[in-house]
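Please look at the structure below before reading on.

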Amino acid sequence: TLCLNGGKLPVEEDGKSKQPKQPPIGESGKPLSYRGSIVHRIVPGFIIQAGDFVFGNGSGGESVYNGKKFKDERAGLALKHDRQGLLSMGNSGKNSNTSQFFFTFDEAP
């Protein structure tokens with residue numbers, strides 16, 4: 001489902017709906033898009049993780065922006081996962097952010 005924050009699809013001058021742009025293709029051969037990606041990990045009382053649109057199991061990931069890993073945000077590193085409902089990037093170490101993300105179910109020290 002295409003979500004436009006409750007809005008309608010943009011319309012061309014001839015009254016036909018505009019089609020959304022197709023995302024670029026990453027090195028994996030997959031579109032750089034979250035469309036159709038799944039939740040691949042749930043740890044009750046801890047997190048729900050998603051965003052691996054390469055393999056769908058948490059072992060893959062390409063940035064939806066350009067396919068490349070991107071650096072950590074310095075300000076974000078100072079924040080703590082001290083309550084439920086926080087959204088954060090999942091990564092495999094320093095400056096290794098790709099497409100995976102998680103939500104906290106509770107504090108995660």
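## A buried serine

Ser-63 has a relative accessible area of 1% and is therefore buried (buried is under 20% relative accessible area, exposed over 50%, partly exposed in between, with a 1.4 Å probe and protein chains only). Ser-63 sits in the loop between β2 (47-50) and α1 (74-77); helices (H or I, at least four residues) and strands (E, at least two) are DSSP runs, numbered from the N terminus.

Setting aside neighbours within four places in sequence, Ser-63 is in contact (heavy atoms within 4.5 Å) with Leu-32, Lys-68, Phe-70, Thr-98 and Ser-99.

## Basis of the model

This is a predicted model, in which local features need pLDDT of at least 70 and side-chain atom pairs count only at pLDDT 80 or more, while totals for chains, interfaces and linings use all residues. Residues are numbered from 1 along each chain as its sequence is written, and side-chain values use heavy atoms, with hydrogens and water left out.

## Aromatic pairs

Rings of Phe, Tyr and Trp (its six-membered ring) pair if their centres lie within 6.5 Å; planes under 30 degrees apart count as stacked, over 60 as edge-to-face and the rest as tilted. The count comes to three aromatic pairs. Tyr-34 and Phe-53 are edge-to-face, because their ring centres are 6.1 Å apart and their planes are at 90°. Tyr-34 lies in the segment before β1 (39-43) and Phe-53 in the loop between β2 and α1, so this pair ties together parts 19 residues apart in sequence. Phe-53 is buried at 11% relative accessibility, whereas Tyr-34 is partly exposed at 33%.

Tyr-34 also forms an edge-to-face pair with Phe-101, at 5.6 Å centre to centre and 80° between the planes. Phe-101 belongs to strand β4 (residues 101-104), and the two residues are 67 residues apart. Ring pairs join Tyr-34, Phe-53, Phe-101 and Phe-103 into a cluster.
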